[in-house]
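Try each one with the viewer open, then read through the solution.

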Amino acid sequence: MNDAQRAIVSEALGRTSLGVPQPIDPDSQKIRTVAQGLTFGFSDEIEALIRSSLPSGPEYEVARDEVRKKLRDYQQANLGEAITLEVAGALIPSILASMTGFGAPVAATRLASIPRVAGVSAAEGAVSAVGYGENDLFSGEGAMDVATGTATGTAFGTGAQLLTGQLGRLGTKLLEFTRKKMGGADSAVQAELLRLQKATGLTIDEIIADVASGRIIADNATLSNAIKGMVNEGGEAASLILDASKARRSATTQQAQQSLRGALSPEVDDPNIIRARAATEADLKKQQSEAYQGVFQSGQTVSKDVADQMLNIISRMPAARSKLKELYDAGNLVPLFKENADGSITFVRAPTLEDAEIIRRQMSEEASGRFRAGEGAMGQTVADMERPLRKAIDVESPELGATRAQYSQMLTQNEAFDLGKSKALTMNVDDLEIEIERLQSNPEALSSFRAGAMAALENRARRGGTTLEKLAQEDVQLGAALRVLLPPDQAETVLRDVTRAAEATSMDKLIQPRAGSPTQALQREQQLRGSGTSMEDLVRGAQGDPFAIIKTMVNSVPSAQGLNDKQLSEVARVLYSQDPDMVRRALTDQTFAGELLRRAEQLASGFAQFSRTAGSQQGAQLGLEN
């Protein structure tokens, strides 16, 4: 013992009475005591090394012995508290390893693992003996301390882990039973669901959000082989999936059709849009015919200005004159004009509004025919003759002008409907966009155009089974055309419903027994099924459960052994569930009871691992004292 050590001892003796340790201020020693447990008894050496390396710091041995004396005095005065803090320090590495899942030594709970546990305990006991020992390591006493501490540390550490491990196994079984009785998640079912969740590439929160918006887990195309494999295995799960898939396809298809009709033909109640349009057209024609008859019934004659324009047209247009004569003869009408011997034209009676409208209509048709025939110049000439006559007629009879405008609107709507029915889905999408912009100024015509497109969509859906899938794709003709046709304020909702229906339809087609079977992919799914890792597996693995670790690492439990038919049925129910709360519980088991059980099991299962390290350290110190 050197002079510094003697001074320290003398000071300590001066603070005792009859050898009885007196309480000292413990505040500064609590952290040191925890650090001793954390570092297997090396914190005094570490602190001394740091202090001695500082400028004007004490000698290493002086600093080390000072720390040891303070720790010893604190332990003698506060034995229970000191042991508690030291054990707490010893548990910190294991707790951190358990929380992160890395570096945690494997805890064993079976008698067959005694050699392995003993080996780990021996290593921890030896390190503790060196750390807590105060004799020179290379002396005979130091070597004896290490040997004794190792032996006692091995015994205490091994015994502590085996005892608490057996208790933990009993507690785990009880907790598992309680979990099932209280409606908690089945670990095997949850593991499979989490495996499938990872296969989708979506987080749990994203999946739950999808379900809340109407998209179930089974709609995800990446799960097609997994679901098809479950169907191929038969049993209750297969029947459940096929029924759920059929119902899902029917419901989403109906919803998509309703959304499409609501956007493209909202005013049509008849399931047959063409029939509805024909009925509407017939009704409008009847109304217009009655309106015309009401105007012409009075036999109102026209002014001289209108009569002069009529005569000018008949005189200058021999073809029109011929057609008018034919029209009057066929309608059993009193002739309006006669052709004189010199070729001039004269009226044989006073022209009426009906006569003026017949000539104007004939000129309008003549102009349209010329334009369609490519005779633009002549068509323009005829149109220039028809226009002033129409204006003059409208001045004399505003009622006739309004009737004609309504009839013209009806014809425009009919043309728009026919164009939408025949070309909307096949015309160049850029041209379709221009046509939609052109019709914006005539809402009735635009509505008719969209209704015609809806009729074409329904016809195509009856002829082929891929219409919904194509509508959901924006990079194909049908899908691109739909996105142009839809009213902007309804596009998002309609496309969402169409996409849901397309996903459900594609999945239902694939999983039906008659569908082709991608053999290799299905075999791979059968190998993977039941091999997923549940949250329970992760917790147990982090706590050192060898079986959970093996399952997590190997991850290759065969399907027949991993999940039974009842469990597969539970998986299927979650995959097709439209209840976001149910899906959340199945994936996370976040019910209040489940959370309590999981925390309790974490403590029960982890205590075996934690107790080994603490037992090894305390056992080693007992060996050093004897």
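Helices (at least four residues) and strands (at least two) are DSSP runs, numbered from the N terminus. One thing to keep in mind throughout: this is a predicted model.

**Exercise 1. Work out what the protein is built from, and what share of its residues is buried.**

Solution. 
- Step 1: Turn to burial, where the cut-off is under 20% relative accessible area. Of the 626 residues in the protein, 44% are buried.
- Step 2: The accessible surface comes to about 32,200 Å², and carbon and sulfur atoms hold 56% of that.
- Step 3: Check how the chain meets itself. Among contacts with a separation of 6 or more, 75% are between residues 24 or more positions apart.

**Exercise 2. Find which residues of α18 and α19 meet, and sort them by kind.**

Solution. 
- Step 1: Locate the two helices. α18 covers residues 429–439 and α19 covers residues 443–463.
- Step 2: Look at how they are arranged. Their axes come within 8 Å and cross at roughly 145°.
- Step 3: List the residues. From α18 you have Leu432, Glu435, Ile436 and Leu439, and they meet Pro443, Ala445, Leu446 and Phe449 of α19.
- Step 4: Sort them. This contact of α18 with α19 has seven nonpolar residues, no polar ones and one charged.

**Exercise 3. Take the salt bridge between Asp219 and Arg248 and explain what it ties together.**

Solution. 
- Step 1: Start from the total, which is 31 salt bridges in the structure.
- Step 2: Zoom in on this pair. The side chains of Asp219 and Arg248 meet at 2.5 Å, N to O.
- Step 3: Asp219 sits in the loop between α9 (204–212) and α10 (224–232), while Arg248 is in helix α11 (residues 235–264), so the bridge ties together parts 29 residues apart in sequence.
- Step 4: Are the two ends buried or exposed? Asp219 has a relative accessible area of 3%, so it is buried. Arg248 is at 9%, so it counts as buried too.

**Exercise 4. Look at helices α14 and α15 and find what links them.**

Solution. 
- Step 1: Find the salt bridge. Glu366 pairs with Lys323, and their closest N and O atoms are 3.5 Å apart.
- Step 2: Glu366 belongs to helix α15 (residues 353–372) and Lys323 to helix α14, so to speak distant parts of the chain, 43 residues apart.
- Step 3: Check each end. Glu366 is buried because its relative accessible area is 9%. Lys323, at 40%, counts as partly exposed.
- Step 4: Stay in α14, which spans residues 318–330, and pick out Ala320. With 3% relative accessibility, Ala320 counts as buried. Ala320 and Met363 are 43 residues apart in sequence, with 7.3 Å between their C-alpha atoms.

**Exercise 5. Which residues join Arg404 in a network of salt bridges?**

Solution. 
- Step 1: Begin with one bridge. Arg404 pairs with Glu357, the closest N and O atoms being 3.0 Å apart.
- Step 2: Arg404 is in helix α17 (residues 398–423) and Glu357 in helix α15, 47 residues apart.
- Step 3: Check their burial. Both Arg404 and Glu357 are buried.
- Step 4: Follow the shared partners. Salt bridges join Glu357, Arg360, Glu386, Arg390, Asp394 and Arg404 into one network.

**Exercise 6. Compare two serines, Ser56 and Ser121: is each one buried or exposed?**

Solution. 
- Step 1: Find Ser56 in the loop between α3 and α4 (60–77). At 84% relative accessibility, Ser56 counts as exposed.
- Step 2: Check the backbone there. Ser56 has a positive phi of about 60°, although it is not a glycine.
- Step 3: Move to Ser121 in helix α6 (residues 114–132). Its relative accessibility is 0%, so Ser121 counts as buried.
- Step 4: Ser121 and Thr158 are 37 residues apart in sequence and 6.0 Å apart, C-alpha to C-alpha.

Notes
Residues are numbered from 1 along each chain as its sequence is written. This is a predicted model: local features need pLDDT of at least 70, side-chain atom pairs count only at pLDDT 80 or more; totals for chains, interfaces and linings use all residues. Side-chain values use heavy atoms; hydrogens and water are left out. Buried means under 20% relative accessible area, exposed over 50%, partly exposed in between (1.4 Å probe, protein chains only). Axes are lines fitted to C-alpha atoms, for helices over the stretch in contact, and angles run from 0 to 180 degrees between N-to-C directions. Contact means heavy atoms within 4.5 Å. Ala, Val, Leu, Ile, Met, Phe, Trp, Tyr, Cys and Pro count as nonpolar, Asp, Glu, Lys and Arg as charged, and the others, Gly among them, as polar. A salt bridge is a side-chain nitrogen of Lys or Arg within 4 Å of a carboxyl oxygen of Asp or Glu. Accessible areas come from the Shrake-Rupley method with a 1.4 Å probe; for residues, only the protein chains shown count as cover.
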